[in-house]
Amino acid sequence: VHSRLCTLGDADPQAFGQTTRLPALAGLLRASMRMFGWGVGATITFLLTARELPRDGQRALVEAWLAKGGVTLTRMCPHCGGSDHGRPRTADRQLSLAYADGLVTLAVADVPIGVDAELSGPAPAPFADRQEWTRAEAILKLTGEGVRRDPASVDPGEAWTTELPAPPGYVATLAARAEVEVSCRTGTVAELDPPATAPAGP
């Protein structure tokens with residue numbers, strides 16, 4: 001099991017509260033930051049699976065793992081209203097999922113996010129490498145456009161993105177509308193507990 005802090009936002013409200021000894025003010029600051037989508041946190045879980053496990057099997061594995069923590073995923077397409085596809089979420093938080101052979105990447109946050117992960121290797125044209133490709137795909141997941149838009153048309157400046165420390169042999173990117181603090185962990189469903197899905201309290 002591996003856990004690390006990937007990137008930090010510009011502000012640490014908890015440290016601010018300790019420094020000023022005004023925890024109530026720190027709580028108000030955290031709530032305001034969440035409201036405006038800045039400085040909030042995202043948890044990235046890299047779930048290692050069998051390479052031969054198909055996508056349907058990976059989805060079932062993740063949903064059963066989340067259910068152990070009392071988490072139920074819902075989906076709704078913002079364009080057609082369908083519940084069999086669309087951006088996943090829970091009652092409390094935003095989620096984004098990415099599937100690659102042997103790996104499921106789950107991002108959980110208080111604000112809309114998009115995550116993509118791919119096996120290392122040559123990238124499809126016109127992308128220079130697979131990291132660039134995952135950046136475009138993560139932005140499309142953030143916006144909800146998904147496969148309806150050509151990834152080659154994505155401008156990196158459309159969103160804040162950060163390269164994630166994916167397991168060896170993979171590359172991954174997280175996208176959000178503003179900078180977020182990111183923590184990452186890697187393991188199997190047997191080694192890791194489901195992520196907390198209740199928003200962080202003030």
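Buried means under 20% relative accessible area, exposed means over 50%, and partly exposed lies in between (1.4 Å probe, protein chains only). This is a predicted model: local features need pLDDT of at least 70, side-chain atom pairs count only at pLDDT 80 or more, and totals for chains, interfaces and linings use all residues. Residues are numbered from 1 along each chain as its sequence is written, and side-chain values use heavy atoms, without hydrogens and water.

**Exercise 1.** Classify D101 and find its salt-bridge partner.

Solution. 
- Step 1: D101 has 33% relative accessibility, so D101 counts as partly exposed.
- Step 2: Apply the salt-bridge rule: a side-chain nitrogen of Lys or Arg within 4 Å of a carboxyl oxygen of Asp or Glu.
- Step 3: The partner is R55, with the closest N and O atoms 3.2 Å apart.
- Step 4: D101 sits in the loop between β5 (94–100) and β6 (103–109), and R55 in helix α3 (residues 55–68), 46 residues apart. Helices (H or I, at least four residues) and strands (E, at least two) are DSSP runs, numbered from the N terminus.
- Step 5: R55 is also partly exposed, because its relative accessible area is 33%.

**Exercise 2.** Trace the salt bridges around E145.

Solution. 
- Step 1: E145 pairs with R149, the closest N and O atoms being 3.0 Å apart.
- Step 2: A network of salt bridges links E145, R149 and E158.
- Step 3: The whole structure holds 6 salt bridges.

**Exercise 3.** Describe the setting of L142.

Solution. 
- Step 1: L142 belongs to helix α4 (residues 130–143).
- Step 2: Its relative accessibility is 1%, so L142 is buried.
- Step 3: Beyond neighbours within four places in sequence, L142 has contacts (heavy atoms within 4.5 Å) with residues including R87, P112 and A175.
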